[in-house]
Structures are given as C-alpha cells and as structure tokens.
Amino acid sequence: ALNLAELRLQAAESAQAAAQAALDNLTLEAPFAGTVIDINVLPGELTATSNWAVLLADTSAWYVRTSDLTELEVVRIELGQQAELVPDALPDLTLGGVVVEISDTYRTQTGDILYDVRLRLDAPDPRLKWGMTFEVTFSEK
C-alpha cells in the first residue's frame with residue numbers, strides 16, 4: 001500500500017509539473033519593460049502566428065521618423081545634428097531633437113529619391129500620441 005501511495009504521489013507530482021510547464025508556455029512575456037499600447041486579441045481567442053497580440057512600447061524615449069527627405073536634402077543631415085520639431089496637432093509646442101539614424105537605403109515616390117531620418121526627442125510632452133505628424137526643421141551644421 002505504501003509503494004502504491006508513493007507511485008501515485010510521483011504520478012501526481014509529474015502531472016503537476018507538466019501542467020505548470022503547459023501554463024508557463026501560455027504566459028506571454030515581454031522582452032523589455034514597457035507600456036501596453038494596444039491589444040489585438042481577445043481572451044481565449046486563437047490567432048495565427050503572423051498576427052500580433054500585444055503592442056508594447058518603451059515610452060521612456062520618443063522618436064520621430066521623417067520619410068520625405070530627398071537626396072538633395074539628406075546629404076546636409078548628420079548624426080547628432082539638432083532639430084526643432086513641431087507637432088501638427090500642437091502647433092504652439094516646439095520640441096528639440098537630435099538625429100540618431102540616417103537611412104542608407106532609399107525608396108522612390110513619384111520620381112523622387114527619398115530617405116528616412118530618425119530623431120530622438122530631448123524632452124517629450126505628455127500630450128504626444130503615437131502616429132502624430134511633425135514639422136521638422138534641422139539646424140545648420
């Protein structure tokens with residue numbers, strides 16, 4: 001009877017370990033600390049691996065990406081260059097920023113060769129929202 005009870009205990013412990021492993025596999029863990037911006041699935045909903053479930057953002061730093069600098073303009077931009085940024089939605093707000101990335105690749109749009117430039121805001125305003133558009137003025141080198 002004791003041997004049978006020990007075998008049942010081992011079986012129960014194995015089942016509990018397997019259940020815990022299955023539960024751990026269902027836990028979604030972020031690769032960095034951040035803020036959940038959007039959720040794209042409902043509890044219990046099945047989704048394809050190609051769909052995103054949660055949009056997580058690191059809002060400790062804000063970035064603005066230009067997408068319309070022509071080949072004539074981008075050659076006048078350097079990493080570390082300062083810029084003034086004015087959100088279209090907040091025209092009375094002027095923010096400072098610095099160029100942190102200049103794309104090496106281009107794309108064409110209606111015959112123009114265009115490059116992307118990424119800027120980090122110095123001190124973001126709490127009213128800023130993802131997707132807002134900005135007017136960017138680069139300072140002289």
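**The main pocket and its salt bridges**

The largest pocket in this structure has a volume of about 850 Å³. A pocket here is an open set of points on a 1 Å grid over the protein atoms alone, where a 1.4 Å probe fits, with protein on both sides within 12 Å along at least five of seven lines. The volume is the space filled by probe spheres set on those points, which are joined across faces, edges and corners.

Before I go on, this is a predicted model: local features need pLDDT of at least 70, side-chain atom pairs count only at pLDDT 80 or more, and totals for chains, interfaces and linings use all residues. Residues are numbered from 1 along each chain as its sequence is written, and side-chain values use heavy atoms, with hydrogens and water left out.

Back to the pocket. Its lining has 30 residues, and Val64, Arg65, Thr66, Phe134 and Val136 lie nearest the centre; a lining residue has an atom within 4 Å of a point. Which strand gives the most to the lining? Strand S3 does, with seven residues. S3 covers 63-70, and S7 (112-121) and S8 (134-138) each supply at least two residues as well. Strands are DSSP runs of E, at least two residues long, numbered from the N terminus.

By type, the lining divides into 13 nonpolar, seven polar and 10 charged residues. Nonpolar means Ala, Val, Leu, Ile, Met, Phe, Trp, Tyr, Cys and Pro; charged means Asp, Glu, Lys and Arg; the others, Gly among them, are polar.

Side chains of opposite charge can pair when their charged atoms come close. The rule is a side-chain nitrogen of Lys or Arg within 4 Å of a carboxyl oxygen of Asp or Glu, and the count comes to four. One of them joins Arg65 and Asp116, at 3.0 Å from N to O. Arg65 lies in S3 and Asp116 in S7, so this pair ties together parts that are 51 residues apart in sequence.

Asp116 also forms a salt bridge with Arg107, with the closest N and O atoms 3.7 Å apart. Arg65, Arg107 and Asp116 are therefore linked in a network of salt bridges.

How open are these residues? Buried means under 20% relative accessible area, exposed over 50%, and partly exposed in between, with a 1.4 Å probe and protein chains only. Arg65 is exposed at 55%, while Asp116 is partly exposed at 23% and Arg107 is partly exposed at 32%.

Methods. Helices (H or I, at least four residues) and strands (E, at least two) are DSSP runs, numbered from the N terminus.
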